[in-house]
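Here are my notes on this model, point by point. Please read them with the coordinates open.

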Amino acid sequence: MFKFLKEVVGGSGTASKDLPYNIGEPYATAWGSWIHSRGTSKDDGSAVSIFSLTGSSAQDGHLAAGRNGVKRLRTVRHPNILSFLHSTEAETYDGGSPKVTIYIVTEPVMPLSDKIKELGLEGTQRDEYYAWGLNQIAKAVSFLNNDCKLVHGNVCLASVVVTQTLDWKLHAFDVLSEFDGSNETSSQMLQYAWLIGTQYKPMELAKSDWAAIKKSPPWAIDSWGMGCLIYELFSGTKLGKTEELRNTVSIPKSLLPDYQRLLSSMPSRRLNTSKLIENSEYFQNKLVDTIHFMEILSLKDSVEKDTFFRKLPNLAEQLPRQIVLKKLLPLLASSLEFGSAAAPALTALLKMGSWLSAEEFRVKVLPTIVKLFASNDRAIRVGLLQHIDQYGESLSAQMVDEQVYPHVATGFSDTSAFLRELTLKSMLILAPKLSQRTISGSLLKYLSKLQVDEEAAIRTNTTILLGNIATHLNEGTRKRVLINAFTVRALRDTFPPARGAGIMALCATSSYYDITEVATRILPNVVVLTIDPDSDVRSKAFQAVDQFLLIAKQYYEKTNAADAAGGAGMGISSNPGNAGLLGWAMSSLTLKGKPADHAPVASASSSALTPTSSNASSAVDTPSTAPVRFSSTTDFSEHPGPVRVSSSSDFAEHPAPPSPTSTDGWGELENGIDGETENDKDGWDDLEPLEETKPTPALANIQAAQRRPVSQPVKPASSLQPKSIRKSSRDEDDDLWGAIAAPAPRTAKALNLKPNVTDDSDPWAAIAAPAPTTKAKPLSAGRGRGSKPAPPKLGAQRINRTSSSGM
């Protein structure tokens with residue numbers, strides 16, 4: 001047995017095999033004979049504190065008191081009492097003599113004296129923190145004395161420890177016992193009082209006057225101990241003898257009256273610790289009030305919460321920084337995560353988080369933020385998006401792609417224009433961390449819809465965003481999306497800043513287009529904007545024309561030089577001066593525009609934003625003359641006066657082609673900007689070549705005659721064409737058949753009911769009028785052809801032909 005124990009258990013101070021914790025370095029101070037060491041769990045490596053007490057034999061009095069402390073700590077639970085996790089006893093051998101060691105494992109804590117030195121607080125901040133700590137210890141002592149009828153017996157600086165969140169907790173329960181005033185013997189009360197230092201004993205306990213002790217209230221001994229704790233705390237020294245308690249120089253004036261009542265020589269007149277919490281002015285300060293409000297947050301109404309959290313960012317700057325980060329920040333994060341905090345609390349959380357290091361921020365704040373994205377509270381979502389620049393860089397690519405973006409993307413379709421715009425702007429930070437699959441399969445589809453949003457400013461910012469994230473798109477996606485998005489939509493928008501944004505986006509992404517695209521798709525669309533009604537758009541258009549012409553010229557020079565390295569499909573570098581072109585306008589929906597062109601855009605959610613109509617075909621108003629649309633057949637001599645060009649109207653008439661490979665919406669423009677089917681020439685196919693001359697009137701008549709079908713004898717049934725066919729033929733140019741149409745008969749004659757030709761599929765063929773016997777004369781008025789006789793009733797009837805327009 002002895003050999004087995006030696007194999008299982010090491011030397012003195014080593015935990016037994018049953019203790020699932022690793023013992024680390026001990027602290028310099030601890031209560032009584034205990035050793036307070038750091039420790040970690042063997043399972044997950046979490047931090048703990050391990051208290052160990054070693055005795056020479058199982059009958060050692062210190063071990064008996066230690067077992068009492070273990071039992072009491074395990075059974076007594078309170079927020080301000082040290083949390084018990086595990087305990088065990090182990091028999092060890094040191095030099096051949098057996099020794100027994102008791103181990104208590106608790107939450108990770110630090111001796112109060114060591115923590116005070118570490119914090120180094122001074123002045124008002126020190127007093128505020130001491131007030132909060134004393135408030136917590138007073139609650140613990142009051143709980144023991146008034147609720148549990150227990151006496152701690154040795155409240156002092158050594159019996160207080162501090163958690164990682166800077167909360168003060170009471171421990172050292174070795175002397176703890178029930179208060180029994182009816183029992184005449186002292187054997188069951190404070191039987192381990194000999195462990196208490198003489199300087200900490202009140203007069204009646206020092207004299208062992210058990211009769212006086214039993215007649216005194218339950219809090220009498222521990223109230224004296226609270227006075228000793230206050231003295232040691234403010235004097236900064238350990239109490240050496242009882243007489244030192246009379247030195248009140250270091251005691252704050254607001255706390256001095258209560259301090260004196262705690263140390264009253266008459267036990268019955270000592271201040272109850274519960275009254276100390278309620279009545280003392282010393283405990284009424286900003287730190288205590290703030291932490292207390294956070295702890296009972298669920299009991300507050302929405303108005304109180306909103307008021308508190310709006311003041312908290314400024315208040316946090318006035319409180320001790322370490323206490324804010326280690327105490328208030330975890331409370332705030334927890335309240336937000338579980339929904340008890342209002343949306344303004346997010347601002348305070350991010351402000352406090354900005355005082356942390358990058359690693360601490362990822363550990364303490366970022367998990368809460370990621371969880372908040374799943375919240376259905378729109379105010380929370382708005383707060384997250386408004387401050388995304390403060391934490392966006394800390395988000396990992398996997399976190400954004402899998403946890404954040406799926407929730408953020410719901411804002412693209414939100415009914416609130418303000419939230420749609422915030423969601424759009426957040427992509428400037430989130431898009432670089434998205435996978436290509438998410439960008440192509442989801443993000444671009446949302447941006448395609450936003451580019452035809454009813455809010456003009458959102459359409460503009462969508463174009464800006466595309467220009468900024470173009471570098472994060474793969475080559476195939478850029479080819480499919482960028483030109484369509486910038487030329488077909490942005491350049492044809494009715495909102496001038498949107499057109500300007502399209503021009504700037506083209507310039508900023510010019511390195512992604514080959515020379516063919518520059519010459520056939522970009523320059524033709526940009527040149528039109530050099531006569532745009534808006535001066536800012538015209539200015540940007542001229543700059544863009546110069547830039548793309550320079551690219552074309554560079555390509556021409558390289559091809560002329562027969563540079564083998566520069567092939568026909570080489571990419572042309574963009575103008576270095578355009579590197580910062582897209583660093584604009586992502587901060588507000590308020591964009592530049594002329595009052596005559598659109599309503600002012602005051603804010604993201606302003607109702608004054610000019611909505612885009614479904615067909616986007618409304619022309620820009622002109623003060624005096626109607627806009628004139630230019631085409632290859634326009635005769636400029638017919639318009640001697642000033643000419644205003646309606647860019648939005650002209651653009652609507654020149655639709656851009658669909659991309660056959662488009663899956664994001666830009667290849668298939670389902671929006672109202674272009675209502676007609678697109679073709680491969682981006683809407684420019686309806687413009688005839690400029691070199692084609694207009695035919696003379698005589699030649700035009702000859703060509704029209706050549707297009708006419710040869711006149712054939714009209715069969716009786718031919719005049720009974722369906723109405724739709726006759727109507728469509730009437731819409732042809734100048735009604736080519738109108739010149740040979742038969743005139744309406746002037747007299748009514750009996751119908752010949754025996755037709756020459758019978759068509760079984762035409763039930764009206766039997767009563768069709770015969771072909772006219774006279775040569776057709778051209779109609780002198782109108783473009784209609786002769787009237788068709790109405791079908792008669794059976795029998796000889798008088799036919800009333802009163803219409804010359806046909807059926």
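1. Contact here means heavy atoms within 4.5 Å. Helices (H or I, at least four residues) and strands (E, at least two) are DSSP runs, numbered from the N terminus. The model is predicted: local features need pLDDT of at least 70, side-chain atom pairs count only at pLDDT 80 or more, and totals for chains, interfaces and linings use all residues. Residues are numbered from 1 along each chain as its sequence is written, and side-chain values use heavy atoms, with hydrogens and water left out.

2. Start with helix α16, residues 378-386. Its buried residues (under 20% relative accessible area; exposed is over 50%, partly exposed in between; 1.4 Å probe, protein chains only) are Ile380, Arg381, Val382, Gly383, Leu384 and Leu385. What covers them? The cover includes α12 (321-337), α13 (345-353), α15 (366-372), α17 (388-391), α18 (397-408) and α19 (417-430).

3. Strand β3 (residues 47-55) has seven of its nine residues buried. Two strands pair if DSSP finds at least two bridges between them. For orientation, Ser37 stands opposite Ile50, and Ser52 has Tyr103 as its bridge partner. The β2-β3 hairpin has five residues between the strands, and Gly45 there takes a positive phi near 75°.

4. Next, a helix pair. Helices α20 (residues 436-450) and α21 (residues 456-469) pack at about 145°, with axes 9 Å apart. Axes are lines fitted to C-alpha atoms, for helices over the stretch in contact, and angles run from 0 to 180 degrees between N-to-C directions. From α20, Leu443, Leu444, Leu447 and Leu450 meet Ile458, Arg459, Thr462, Leu465, Leu466 and Ile469 of α21. By class, this contact has eight nonpolar, one polar and one charged residues.

5. Finally, backbone angles to check. Most residues other than glycine have a negative phi. Leu166 has a positive phi near 65°. Leu166 sits in the loop between β8 (160-163) and β9 (168-170). Is Leu166 buried or exposed? Its relative accessibility is 1%, so Leu166 counts as buried. Ser208, also not a glycine, has a positive phi of about 55°. Ser208 lies in the loop between α5 (203-206) and α6 (210-215). With a relative accessible area of 44%, Ser208 is partly exposed.

How values were computed:
Nonpolar A, V, L, I, M, F, W, Y, C, P; charged D, E, K, R; others polar.
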